[in-house]
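Colleague: I would like to learn how to read a model of this kind feature by feature. Could we take one feature at a time, with the general idea before the particular case?

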Amino acid sequence: TKPWKIIVLHQPGWCSGGSHGNDATVQTAIQPLCQQYGVQIVFAGHNHYYSRADVNGVQHVTTGAGGAPFYTATAGQPYIVTYTTSALEFCKVSIDGNSLFCQAVKPDGTVIDQFYVEKDEPDFTFIQATDPQIGWAANGNNDAKWAETVSKVNLVEPNFLIVTGDLVDNRGNVAQVDLYNSGAAGLNPSIQLYNLPGNHDVGDTPDATSYALWKSRFGYPPDNNNPWYSFTRGNNLFIVLDSMVLKSPTGFTDPNKAVEEMNWLTQTLIDANTADYNNIMVFMHTSLCLTSIAEADGGFNMPLGTGNGPRKQLLDLFHEYGVKAAFSGHAHYNSYVRDGDLEIITTSSCNSSLGSPSTPQGFRFVEVYPGHISHVYRTLASIALLAGDFNGDRVVDEKDLDIFAGYWLDSGIWP
C-alpha cells in the first residue's frame with residue numbers, strides 16, 4: 001500500500017556495459033517482482049558512470065560516478081535511455097505528494113538527466129511509435145509487428161498516436177503502403193492518428209514528386225500544402241516537422257522548402273509565445289542528436305555543419321521559445337540527451353529494432369501534466385493484461401476496481 005517503492009542494490013540489472021555487465025538475478029528475479037508490485041525505481045552502482053534504463057516502466061538507475069576512476073560505457077545497450085561517462089554525479093530525489101522527481105546532477109549543478117514518476121492522473125496521454133518500415137526484409141521483415149503495435153496502442157488507450165516516420169520501406173511499393181494503412185485502420189476510432197514522413201517515405205532529399213506521393217498515400221492536414229503542421233490538445237502545442245527537407249533541401253529550389261518550413265516554424269513558435277502554452281513538443285523523424293548536441297554529423301542526426309547547420313538553428317529556436325521535448329526515431333534504438341530544459345528523445349522502432357543486442361520492439365508512452373511531461377518506453381511484449389488489470393498498467397489496484405465496478409453498474413449486473 002505504500003505509494004512509493006524504491007529498491008537500492010549494488011549490481012545493476014541493466015547498464016551500459018563497461019567493466020561489469022548486466023546482473024542476471026536482477027533481470028530474472030527482481031524485475032518481475034518490480035512489475036508485479038509497482039516498484040518505480042531500482043538504484044544500483046558497481047559501474048563507475050551514470051546510466052538509466054527504462055524496463056517496462058521500471059527505471060533502473062546506475063549511479064556509480066561517485067569518485068572512483070571512471071569506467072567506459074558502450075552505446076546501443078538494450079533498454080538504455082541515456083548514459084554519461086567521465087563525469088562525477090549524484091542522484092537527487094524529490095517527492096511532493098503524488099509526484100516523484102529524480103535528477104542526476106554534476107557537482108557544478110548541471111543536470112545530466114531527469115525524470116518524473118507520477119501517481120496522479122495526467123491531463124491526457126499519447127503514444128509515439130516510429131519506424132514500422134513495412135517491407136524491410138533486411139531485418140527479418142517484421143510486418144506483423146505493425147498490427148500488434150496498433151492492438152497494443154488500443155489496449156493502452158492514449159488520446160492520440162503519432163508515428164514519426166518511415167511508415168514503409170519503399171515509398172513506391174503500393175502493397176507496403178496498403179499494409180500500413182490497413183493496420184492503422186484497426187486503431188480505435190477514439191484515438192487520433194498523426195503521421196509524419198521519414199527518409200523512406202519522401203527520400204533522403206525530398207522533391208516535388210516525393211511530396212506529391214506522400215500526400216496521395218497519407219494525406220496532408222486540411223488547408224495545408226506541406227507535410228509539416230501543428231495541432232493542440234488542451235493548453236499544449238504539438239509541432240510536426242519534415243526533418244528530411246531541413247537536412248537535405250536541394251530537391252527543391254523554387255520555392256526553397258527548407259526555408260519555407262523554418263519560417264513557418266519560427267512564426268508558429270512566436271505565436272505560441274503569445275498563447276502561453278503549458279507544454280510545447282516537437283516531432284520529427286531524424287533526431288537532433290543521439291549522444292551530445294556537439295556530436296559529429298552522421299546519418300542518424302541533424303547536421304551541425306560548420307556550426308550553424310539545421311541542428312544549431314533548431315536548438316536555438318527550441319530554447320528561445322521554451323520547447324519542452326523533441327521526439328524522433330530513425331535510429332531504431334532508444335537514446336536520450338538533455339540540453340538545459342530541452343529533452344531530445346529518440347525512440348526505438350515498433351517493428352525492427354537495431355543495436356547490439358537490439359531493444360525489443362515497442363513505443364513511447366507519454367503522460368502530459370500542466371507543467372511537464374513524463375515518458376517511458378514500453379515493449380510490445382510487456383503490454384498484456386494480468387488477471388484483474390483492467391487498465392493495462394501492469395498493476396492491480398483501486399483504479400482497476402473502479403473500472404470493474406463501473407462495468408457491473410453499466411451492464412446492470414450490479415444494481
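Modeller: Let us begin with burial, where a residue is called buried if its relative accessible area is under 20%, exposed if over 50%, and partly exposed in between. Please keep in mind throughout that this is a predicted model.

Colleague: With that cut-off in hand, is Arg338 buried or exposed?

Modeller: Arg338 has 12% relative accessibility and therefore counts as buried. Its salt-bridge partner is Glu343, with 3.9 Å from N to O, and Glu343 is buried as well, at a relative accessible area of 8%. Among the salt bridges elsewhere, those that share partners join Lys145, Glu148 and Lys152 into one network.

Colleague: What is the general idea behind such pairs, and how many salt bridges does a search of the whole structure find?

Modeller: Side chains of opposite charge can pair when their charged atoms come close. In this structure the search finds 7 salt bridges, including the one between Glu148 and Lys145, at 3.3 Å from N to O.

Colleague: Where do Glu148 and Lys145 lie?

Modeller: An α-helix has 3.6 residues a turn, so residues three or four places apart point the same way. Glu148 and Lys145 both belong to helix α2 (residues 144-156), where 3 residues, about one turn, separate them. Glu148 is partly exposed at 24% relative accessibility, and Lys145 is likewise partly exposed at 25%.

Colleague: Which residue forms a salt bridge with Glu260, and how far apart are the closest N and O atoms?

Modeller: The partner of Glu260 is Lys257, and their closest N and O atoms are 3.5 Å apart. These two residues sit in helix α7 (residues 257-275), and because they are 3 residues apart, about one helical turn separates them. In this pair Glu260 counts as partly exposed, at 29% relative accessibility, whereas Lys257 counts as buried, at 11%.

Colleague: Turning to sheets, what is the order of the strands in the open sheet of 5 strands?

Modeller: Strands of a sheet pair through backbone hydrogen bonds, either parallel or antiparallel. Here the order is β1-β2-β4-β3-β5, and the pairing is mixed. The edges are held by β1 (6-8) and β5 (80-84), and because each has a single partner strand, one side of each is left without a neighbour in the sheet. From one strand to the next, the twist averages 10 degrees.

Colleague: In which sense do β2 and β4 pair, and which helix lies across β4?

Modeller: Strand β2 (residues 41-44) pairs with strand β4 (residues 58-63) in the parallel sense, over 4 bridges, and Val42 stands opposite His60 of β4. The helix is α1 (residues 24-37), which lies across β1, β2, β3 (50-55) and β4, and runs at about 130 degrees to β4.

Colleague: How many bridges join β6 to β7?

Modeller: There are 7 bridges between strand β6 (residues 90-96) and strand β7 (residues 99-105), and the two run antiparallel. One of the residues in this pairing is Ser94, whose bridge partner in β7 is Phe101. The two strands form a hairpin with 2 residues between them, and in the turn Gly97 has a positive phi of about 65 degrees.

Conventions:
Residues are numbered from 1 along each chain as its sequence is written. This is a predicted model: local features need pLDDT of at least 70, side-chain atom pairs count only at pLDDT 80 or more; totals for chains, interfaces and linings use all residues. Side-chain values use heavy atoms; hydrogens and water are left out. A salt bridge is a side-chain nitrogen of Lys or Arg within 4 Å of a carboxyl oxygen of Asp or Glu. Buried means under 20% relative accessible area, exposed over 50%, partly exposed in between (1.4 Å probe, protein chains only). Two strands pair if DSSP finds at least two bridges between them. Axes are lines fitted to C-alpha atoms, for helices over the stretch in contact, and angles run from 0 to 180 degrees between N-to-C directions. Contact means heavy atoms within 4.5 Å.
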